[in-house]
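Please find below a note on the two-chain model under review. The points may be read alongside the sequence and the coordinates.

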Amino acid sequence: MQIYLPIAEVVVNAFTLVGLGGVVGLMSGLFGVGGGFLITPLLFFIGIPPAIAVATGANQVVASSFSGVLAHLKRKTVDFRMGWVLLAGGLVGSSFGVILFNKLQRLGQVDLVVQLCYVVFLGLIGAMMLQESLRALHRSRKSGPIKPMRRNQHGWVHRWPLKVKFRASGLYISAIPVLMVGAAVGVLGALMGVGGGFIMVPAMIYLLGMPTKVVIGTSLFQITFLSAYTTLMHAVSSNTVDVMLAVLLIVGGVVGAQFGTTLGAKLRAEQLRILLALLVLAVCGKLALDLFLKPDDLYSLTPGVVG
Amino acid sequence: MILRALALLIASALPLAAQDGPPAPPPERIVADLSRDDVDITTSFDGSDIIIYGAIKRETPIPTTEPLDVIVTVEGPARPVTVRHKERRFGIWVNTGKVGVASAPNFYVVATTRPLERILNPDEDSRYRISVPQAIRAFAGASEVEDVVPYTEALVRLREDHDLYRLDDGAVTVAEQTLFRADVRLPANLIEGLYGTRIFLVRDGKVMDTFRAPIEVRKVGLERWLYRLALEQPFIYGFMSLAIAVAAGWGASAAFRQLQRR
């Protein structure tokens, strides 16, 4: 069934979009990630204009992360104070990211920077995850249960001023590194059109030393608000949110996420993490090839005259 | 109505103005019409076929020298576009040069009775800007690179690849040197705006008469409502998009809890 998207002004197959949303939803249910890092490149691939893919991707992230945060609220695994401080940093970072995005767009280098960001971050995180989960799998085969990773209780982040008590996380640390993590993820989120969960989660565990049980809920909590803000900003400043496109992706995503969660319960955690790591590395590899291989056509068109 | 009047005004002010002097009434004139002068973009829009038909009106007998040919062009609204060129720097492919085209039609099709280069002489082509390169050249603006030609060629090539610029040889049929008909397919990925139709009557490589008619392409129903809302009330539109996302997220979570309880 072909459908005309009112804002993107392109015709696409509705089932393709629902299917795409479904696959990404399956991933997000399976691995507990927002899926923004998959949906934005996939939308580029099926011919949605990049600006619309980025803005509509943010809208889709709102739906999937809100669904997730509700589940975590029930389990009381959200650190609200931490979430608000991260969000404050995130809003500043996101605003700065959008300004940077517009500047790069005028220079014509936005695609390059976005692709480089994807390759660097997906490559690093994918490699780290693969290494860690392979080691965990190896250990669990050798000797029973895995020991939880020891948190860095008194690192550099604990010596800074402006200390705040984060009760749900059981932390008494400076607000400055929290704001910095929020801002950094905000910048990357605005540049890459993603929620930033795949960067936020490792930063919370390894940099801030938060306990793993509150990490996902808190990250989803702040991503919901941050991507809502990004969506609104894109809608107002550049009219690039296509609600028809978003609805089709969300319908697929919601169904996919349910299947993903059921499937996830049947697989082992280490196997899941290996799969996610391989997926992240595959996306990274594809984007890296695009940078290094000669493109089919050396010329490209962008609507509008810039600079 | 105002749009329609404006279209006629714009249509009559464009390249035809290039003609000089008060023209004598041509011996052969075009009388034509379109099967439709508006195209509605609905949610399930997947392109549209337009039949452009008409007749040649004459006061004198049919000339017996050269056969008569008809060229029909349909062009979409012009929009600015930037053409960029990639080069290899430090091992990766980077955009280096760019040319801003102030306005280029987003859609342009030329339908003819016979191959264009055999029926139209180049001077007439550049005067009336009929062939694809001529029509695009007319719109190219100032540039920042020394040689613009590869960029405009790339613009035409890329749009041809997407079927947005097209040359349809033989898509116009002429009967008895009097009646003609052209079937023009408008693709699915149209944008809203005023499209212009031009008909050229060609004999011996020269344009004998021209005819213009506008086609209005617009979104209707839900498409129109969403598009207008997004442009005119972006805040409300943005909040609506968020509300849909939040409702879907909540619905999914609620449905999942229901399933778990069972």
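The numbered points below take up the chain contact, selected elements of each chain, and individual residues.

1. Basis of the note. This is a predicted model, in which local features need pLDDT of at least 70, side-chain atom pairs count only at pLDDT 80 or more, and totals for chains, interfaces and linings use all residues. Residues are numbered from 1 along each chain as its sequence is written, and chains are lettered from A and ligands numbered from 1 in the order in which they are written.

2. Contact between the chains. Chain A contributes 48 residues and chain B 50 residues to the contact; two residues are in contact if their C-beta atoms, placed from the backbone, lie within 7 Å. On the side of chain A that touches chain B, two or more residues come from each of β1 (2-4), α3 (50-74), α8 (212-238), α9 (243-266), α10 (269-292) and β5 (299-303) of chain A. Helices (H or I, at least four residues) and strands (E, at least two) are DSSP runs, numbered from the N terminus. By class, that side of chain A has 33 nonpolar, 12 polar and 3 charged residues. Here Ala, Val, Leu, Ile, Met, Phe, Trp, Tyr, Cys and Pro count as nonpolar, Asp, Glu, Lys and Arg as charged, and the others, Gly among them, as polar.

3. Helix α2 of chain A. Of the 10 residues of α2 (residues 36-45) of chain A, 8 are buried, and the helix is mostly covered. A residue is buried if 20 or more other C-beta atoms lie within 10 Å of its own, exposed if 12 or fewer, and partly exposed in between, with C-beta atoms placed from the backbone. Among the buried residues are Phe37(A), Leu38(A), Ile39(A) and Pro41(A). Just after α2(A), Gly47(A) takes a positive phi of about 95 degrees.

4. Ala14 of chain A. This residue belongs to helix α1 (residues 14-31) of chain A. Ala14(A) counts as partly exposed because it has 18 C-beta neighbours inside 10 Å. Leaving aside neighbours within four places in sequence, Ala14(A) is in contact with Met1(A), Ile3(A) and Leu248(A). Its C-alpha atom is separated by 8.7 Å from that of Leu245(A), 231 residues apart along the chain.

5. Overall description of chain B. Chain B has 7 helices and 12 strands, and 31% of its 262 residues count as buried. Among its contacts between residues at least 6 apart in sequence, 71% join residues at least 24 apart.

6. Domains of chain B. The chain is divided into domain 1 (2-219) and domain 2 (220-262), with bounds that come from an automatic or database domain assignment. Contact between the two involves 6 residues of domain 1 and 6 residues of domain 2. On the domain 1 side, β2 (38-41) and β12 (206-219) of chain B each supply at least two residues. That side has 1 nonpolar, 2 polar and 3 charged residues.

7. Strands pair if DSSP finds at least two bridges between them. Strands β5 (residues 78-89) and β6 (residues 92-105) of chain B run antiparallel and are joined by 11 bridges; Ala78(B) has Pro105(B) as its bridge partner. These two strands form a hairpin with 2 residues between them, and Phe90(B) in the turn has a positive phi of about 50 degrees. Strand β10 (residues 179-186) of chain B is joined by 8 bridges to β3 (residues 48-58) of chain B, antiparallel, with Gly54(B) opposite Phe180(B). Strand β9 (residues 172-175) of chain B also runs antiparallel to β10(B), through 4 bridges, and Thr173(B) is partnered with Arg181(B).

8. Loop residues of chain B with positive phi. Glu176(B), in the loop between β9 and β10 of chain B, has a positive phi of about 55 degrees although it is not a glycine. Glu176(B) counts as exposed because it has 9 C-beta neighbours inside 10 Å. Asp204(B), in the loop between β11 (193-203) and β12 of chain B, likewise is not a glycine and has a positive phi of about 60 degrees. With 13 C-beta neighbours inside 10 Å, Asp204(B) counts as partly exposed.
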